[in-house]
Amino acid sequence: MSLADTVTLAARNAWALTFGPGVRDHDPAPSTVLWDEPHRRLSRFDGAESDSATAPSAVLLVPPLAAPALCFDLRADQSVARFLLETGRSPYLVDYGEITFADRRMGFEHWIDDILPEAILRSSADRGGAPVDLIGWSLGGTLSLLTAAAHPHLPIRSITAIGSPLDYDRMPGVPQLRAVAELTRGDLVASTAVRLAGGVPAPLTRIAYRATAWDRELRRPWFVARNIARTETLARMESVDRFMAAMPGYPGRFYGQLWGRMFLNNDIGRGVVRLGERRIALAEVTAHVLLVGGPDDVITPAAAVEAGAANLTGAASVRYETAPGGHLGILTGDTARDTTWAAVDKFLAELR
């Protein structure tokens with residue numbers, strides 16, 4: 001590329017980032033909506049296998065709360081959904097949509113007993129009753145495991161949990177939070193504010209996520225300046241920015257359970273999650289399980305993911321893999337295709 005072309009491209013990218021719509025539009029993978037109700041929109045990604053009942057299984061992508069479902073389809077080369085289509089599988093996606101004050105009474109049970117079981121059954125039915133492979137990222141993996149444990153009749157063949165917190169004793173900052181909570185009898189000013197607000201508003205989840213990647217935010221001006229003529233590099237940066245800007249919030253009740261049962265009591269790390277009088281044991285999971293942890297993940301350290309294997313004593317098999325990158329990076333980062341996605345592909349292929 002000539003110097004003149006480079007300068008022109010740099011100027012065009014600078015304008016697009018500053019005043020324009022961005023260097024690349026979001027081009028989501030084509031999909032068909034199968035079911036559309038509040039907090040449970042189910043879509044099937046269109047592809048060669050998606051219109052046929054001959055695929056061996058459905059692959060249901062399960063996002064966490066407080067993260068948009070587009071985490072599985074950021075852009076063409078950062079798309080778990082497109083990768084699954086390339087490998088001849090039939091991916092589906094459940095999308096929870098926006099979380100508002102009106103949803104403040106929604107808790108873990110709404111996902112474990114209603115939203116996810118219905119999505120699993122509908123995905124299976126769309127494949128002619130074929131079994132379902134779940135792929136959950138972050139808390140989506142935790143919810144997938146709890147759903148399988150609570151409902152052994154569901155047609156779940158396997159569960160892949162990527163960056164999923166399965167032992168809060170190994171999560172950064174948790175001991176300090178517990179120490180403060182002990183002084184305040186289990187409460188914090190923040191948790192009181194959450195109850196009053198009916199949950200964690202979307203802007204706060206976005207700020208919190210950005211705070212975990214403060215070094216990225218600090219280096220951003222230099223990164224942009226250094227790559228101003230590299231459109232694809234900037235487009236990857238934009239895809240992450242788009243993801244963070246679309247983060248929804250947490251329902252109040254769900255957050256209260258997350259704080260009390262997970263952060264304070266580490267139910268998931270002990271293998272049994274208590275929801276009122278109910279007990280959901282990870283030992284009741286009978287599907288094949290793949291856990292993927294990131295040694296560089298500062299939100300859910302690899303040790304917090306790997307520890308879950310000790311409680312999955314009833315699973316048909318349990319495998320643990322590691323992948324480079326941060327919390328989102330292990331799912332859709334530069335090396336995800338050769339690490340996380342390759343591990344998932346091998347895992348699913350061996351189930352046939």
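User: How many helices and strands does the chain have?
Analyst: This is a predicted model. Buried residues make up 50% of the 352 residues in the chain. Of the contacts between residues at least 6 apart in sequence, 78% join residues at least 24 apart. The secondary structure comes to 14 helices and 12 strands.

User: What is the order of the strands in the open sheet?
Analyst: The sheet has eight strands, and their pairing is mixed. Its edges are strand 1 (31-35) and strand 12 (317-322), each of which pairs on one side only. Neighbouring strands are turned by 20° against each other on average, direction ignored. The order is 1-2-4-3-5-6-11-12.

User: In which sense does strand 4 pair with strand 2, and which residue of strand 4 is the bridge partner of S43?
Analyst: Strand 2 covers residues 41-45 and strand 4 covers residues 90-95. The two pair over four bridges in the antiparallel sense. For S43, the bridge partner in strand 4 is L93.

User: In which sense do strand 3 and strand 4 pair, and what is the bridge partner of L60?
Analyst: Strand 3 and strand 4 are joined by four bridges, in the parallel sense. The bridge partner of L60 in strand 4 is Y92.

User: Why is strand 3 described as largely enclosed, and which of its residues point the other way from A58, L60 and V62?
Analyst: Five of the five residues of strand 3 are buried, so the strand is largely enclosed by the rest of the structure. In a regular strand the side chains alternate between the two faces of the sheet. Here A58, L60 and V62 point one way, and the residues pointing the other way, also buried, are V59 and L61.

User: At about what angle to strand 6 does helix 14 run?
Analyst: Helix 14 (residues 340-349) lies across strand 3 (58-62), strand 5 (132-137), strand 6 (156-162), strand 11 (288-293) and strand 12. Relative to strand 6, helix 14 runs at about 165°.

User: How are helix 3 and helix 4 oriented, and how many nonpolar residues are in their contact?
Analyst: The axes of helix 3 (residues 108-126) and helix 4 (residues 139-150) come within 9 Å and cross at roughly 80°. That angle makes helix 3 roughly perpendicular to helix 4. F108, W111, I112, L116, P117 and I120 in helix 3 meet L143, S144, L146, T147 and A150 in helix 4. By class, this contact of helix 3 with helix 4 has two polar residues, no charged ones and, as the number asked for, nine nonpolar.

User: Which residues of helix 10 make the contact with helix 3, and how many of the contact residues are charged?
Analyst: The axes of helix 3 and helix 10 (residues 252-264) come within 8 Å and cross at roughly 105°, and the two helices are therefore roughly perpendicular to each other. From helix 3, the contact is made by F108, E109, H110 and W111; from helix 10, by R253, F254, Q257, L258 and M262. By class, the contact of helix 3 with helix 10 has five nonpolar, two polar and two charged residues.

User: Is T300 buried or exposed, and which backbone oxygen does its side chain reach?
Analyst: T300 lies in the loop between strand 11 and helix 12 (302-306). With 1% relative accessibility, T300 falls under the 20% cut-off, so T300 counts as buried. Among the residues T300 touches are M171, G294, V305 and H327. At 3.5 Å, the side chain of T300 reaches the backbone oxygen of G163.

How values were computed
Residues are numbered from 1 along each chain as its sequence is written. This is a predicted model: local features need pLDDT of at least 70, side-chain atom pairs count only at pLDDT 80 or more; totals for chains, interfaces and linings use all residues. Side-chain values use heavy atoms; hydrogens and water are left out. Two strands pair if DSSP finds at least two bridges between them. Axes are lines fitted to C-alpha atoms, for helices over the stretch in contact, and angles run from 0 to 180 degrees between N-to-C directions. Contact means heavy atoms within 4.5 Å. Angles under 35 degrees count as roughly parallel, over 145 as roughly antiparallel, 65 to 115 as roughly perpendicular and the rest as oblique. Ala, Val, Leu, Ile, Met, Phe, Trp, Tyr, Cys and Pro count as nonpolar, Asp, Glu, Lys and Arg as charged, and the others, Gly among them, as polar. Buried means under 20% relative accessible area, exposed over 50%, partly exposed in between (1.4 Å probe, protein chains only). A polar contact is a pair of N or O atoms within 3.5 Å; within protein, one must be able to donate a hydrogen and the other to accept it, and residues adjacent in sequence count only if both atoms are side-chain atoms. Lists of a residue's contacts leave out its neighbours within four places in sequence.
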